[in-house]
Amino acid sequence: MTATIALVDDDRNILQSLSIALQAEGFVTRVYSDGEAALKPLLDNPPDLAVFDVKMPRMDGLELLRRLREKSQLPVIFLTSKDDEIDEALGLAMGADDYIAKPFSQRLVIARIRAILRRVELNKNLPSEDDEPVAEPITRGRLQMDPARHKVAWDGKDVTLTVTEFLILETLASRPGIVRSRNQLMDAAYQDDVYIDDRTIDSHIKRLRRKFREVDPEFDAIATLYGAGYRFADDA
């Protein structure tokens, strides 16, 4: 079934170019120039996923997400200014599923959309309480992960991750001590035949470390092996 993606941005060039790229990949798109124009349609006839710019006139992306979350769990990706950690942290705390910094690659946006849609579809197909779980929780020392519920904690303290960050961490933590190359992590996070620059994985790792160090300043469970990749410590 074809997925419908809503795009909300006051930049017409971004709306047009991203809409064309998504349609070329088989998606149906709807476009809106700001949050005020988008709110009612998103609630009345929800798409499968929405991509919001954060900074927009009349109603910005953060306010749009706040209003949506009062009535809807629509998956949302934020477009933010480059390295704007305030927008990222606030958006994720309010319930955004992922964020992408501008300027961005259209292939990257499409890959993130597909990753989130896969996760949503998995959650829809979760078995009843009497059935076997789709994915067992992962415990590695102080790390606790629940893939079915997309929950992460370190020493009992919640850590909010995007879908992509979660998939990368899940791949590392599933086999502690084993080195995972950047290509292996890209395959786990995106699972599509798209080109993602190595530096994208490096950026995700940096953000993972930063988020865990917000709850534990001495966090060092993700090790870099230069020229080889990354591994999760087997004694974390």
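Predicted model: local features only at pLDDT ≥ 70, side-chain atom pairs only at ≥ 80, totals over all residues.
I started with the sheet: four strands form an open one, ordered β6-β7-β8-β9, with antiparallel pairing. Strands here are DSSP E runs of at least two residues, helices H or I runs of at least four, both numbered from the N terminus. Pairing needs at least two DSSP bridges between two strands.

Residues are numbered from 1 along each chain as its sequence is written, and side-chain values use heavy atoms, without hydrogens and water.

Next I checked β8 against β9: they pair in the antiparallel sense over two bridges. A153 has D158 in β9 as its bridge partner.

I then looked up V152. Leaving out residues up to four places away in sequence, V152 touches L143, Q144, M145, K157, D158, V159, L161, F166, L169 and F212. Contact means heavy atoms within 4.5 Å.

Then I turned to the largest nonpolar core. A core is a set of buried Ala, Val, Leu, Ile, Met, Phe, Trp, Tyr and Cys residues joined through side-chain atoms within 4.5 Å. Buried means under 20% relative accessible area (1.4 Å probe, protein chains only). Of its 24 residues, L143, V152, L169, F212, I222 and F232 touch the most other members. Helix α6 gives the most to this core, five residues.

Last, I looked at L65. It lies in helix α3 (residues 61–69). L65 is buried, at 0% relative accessible area.

Technical notes: Buried < 20%, exposed > 50% of the residue type's maximum accessible area, 1.4 Å probe, protein only.
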